[in-house]
Amino acid sequence: MPADNGFPGLNHIQSAQYFMRQALNEAKKAYARGEAPIGAVIVNDGKIVGRGHNEKEAKRDSTLHAEMTSIRKASRRLGTWRLNSCDMYVTLEPCTMCAGAILQARIRRLYIGTADPKAGAVGSVLNVLQVDAFNHKVDVICGILEEDCSMILKDFFRELRNKKAENP
């Protein structure tokens with residue numbers, strides 16, 4: 001694993017866990033607003049330059065996934081769409097749209113909390129990031145705080161099912 005984690009004295013795993021906790025904080029914001037609790041942060045030189053969480057329901061926009069929002073914010077902050085020195089931390093494996101955006105933004109490394117066996121496009125259903133024909137490759141590291149990332153989703157959807165059962 002790379003050593004350029006931006007935190008002197010912390011190893012790569014500790015650094016990855018720190019940033020995944022920041023992504024989980026974003027997921028908690030989504031949860032509190034009734035959105036699917038997915039969060040993402042983008043890190044450049046050890047600093048968060050973009051944050052995002054799902055906002056599809058609130059803003060009635062199917063493109064407002066955590067990854068898309070964090071890419072937009074990072075691009076604005078850095079003044080470029082080329083995020084090739086940046087790493088993304090996301091609580092749930094990206095969908096095809098987000099995996100495509102990660103490729104287009106030239107994200108260097110992607111850290112994933114938990115897999116998405118129904119719609120994941122970074123290895124679960126398909127793997128957009130490893131298509132040989134594309135000119136950019138993204139390093140992928142999976143399972144960072146996997147239990148926490150999985151649990152927030154399970155809790156949210158359990159709560160949603162219970163509400164629907166109470167109010168059919």
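This is a predicted model: local features need pLDDT of at least 70, side-chain atom pairs count only at pLDDT 80 or more; totals for chains, interfaces and linings use all residues.
1. Aromatic pairs. The count of aromatic pairs in the model comes to 5. One of them joins Phe19 and Tyr89, whose rings are tilted, with 5.3 Å from centre to centre and 40° between the planes. Phe19 belongs to helix 1 (residues 12–32) and Tyr89 to strand 3 (residues 86–92), so this pair ties together parts of the chain that are 70 residues apart in sequence. Phe19 counts as buried, at 2% relative accessibility, and Tyr89 is likewise buried, with a relative accessible area of 3%.

2. Phe156 and Phe157 form an edge-to-face pair, with the ring centres 5.0 Å apart and 85° between the planes. Here the burial of the two partners should be read separately: Phe156 is buried, with a relative accessible area of 8%, whereas Phe157 counts as partly exposed, at 35% relative accessibility. Returning to Phe19 and Tyr89, these two residues form one aromatic cluster together with Tyr18 and Tyr111.

3. Helix 1, its span and its ends. Helix 1 has 21 residues, and the distance from its first C-alpha to its last is 30 Å, close to the 30 Å expected at 1.5 Å a residue. At the start of the helix, a side-chain oxygen of Asn11 comes to within 3.0 Å of the backbone nitrogen of Ile13. Beyond the other end, helix 1 is followed by Gly34, which has a positive phi near 80°.

4. Helix 1, its buried residues. What do the buried residues of helix 1 pack against? Their partners are strand 1 (39–44), strand 2 (47–53), strand 3, strand 4 (109–114) and helix 5 (146–166). The buried residues themselves include His12, Ser15, Glu26 and Gln22, as well as Phe19, Met20, Leu24 and several alanines, namely Ala16, Ala23, Ala27 and Ala30.

5. Val41 as a view from strand 1. Val41 has its place in strand 1 and is buried, with a relative accessible area of 0%. Leaving aside neighbours within four places in sequence, Val41 is in contact with Phe19, Gln22, Ala23 and Glu26, and also with Ile48, Gly50, Arg51, Asp87, Met88 and Tyr89. Both Phe19 and Tyr89, the partners in the tilted pair, are therefore among the contacts of this buried valine. The C-alpha atoms of Val41 and His65, which are 24 residues apart along the chain, are separated by 12 Å.

6. Helix 4. The buried residues of helix 4 (residues 96–105) are Cys98, Ala99, Ala101, Ile102, Leu103 and Ala105, and they pack against helix 3 (66–78), strand 3 and strand 4.

7. Thr69 in helix 3. Thr69 lies in helix 3 and is buried, with a relative accessible area of 7%. Not counting residues up to four places away in sequence, Thr69 touches Arg51, Gly52, His53, Glu55 and Leu64. Arg51 is also listed among the contacts of Val41.

8. The largest pocket. The largest pocket has a volume of about 650 Å³. It is lined by 26 residues, of which Ala36, Ile38, Leu92, Leu153 and Phe157 are the closest to its centre.

9. Which loop holds Asp45? Asp45 sits in the loop between strand 1 and strand 2, where its phi is positive, about 55°, although the residue is not a glycine; Asp45 is exposed, with a relative accessible area of 64%. Arg106, which follows helix 4, also has a positive phi, near 65°, and is likewise a residue other than glycine. Arg106 is found in the loop between helix 4 and strand 4 and counts as partly exposed, at 22% relative accessibility.

Conventions
Residues are numbered from 1 along each chain as its sequence is written. Side-chain values use heavy atoms; hydrogens and water are left out. Rings of Phe, Tyr and Trp (its six-membered ring) pair if their centres lie within 6.5 Å; planes under 30 degrees apart count as stacked, over 60 as edge-to-face and the rest as tilted. Helices (H or I, at least four residues) and strands (E, at least two) are DSSP runs, numbered from the N terminus. Buried means under 20% relative accessible area, exposed over 50%, partly exposed in between (1.4 Å probe, protein chains only). The expected span of a helix is 1.5 Å times one less than its number of residues. Contact means heavy atoms within 4.5 Å. A polar contact is a pair of N or O atoms within 3.5 Å; within protein, one must be able to donate a hydrogen and the other to accept it, and residues adjacent in sequence count only if both atoms are side-chain atoms. On a 1 Å grid over the protein atoms alone, a cavity is a set of points where a 1.4 Å probe fits but cannot get out, and a pocket is an open set with protein on both sides within 12 Å along at least five of seven lines; lining residues have an atom within 4 Å of a point. Grid points are joined across faces, edges and corners, and a volume is the space filled by probe spheres set on the points.
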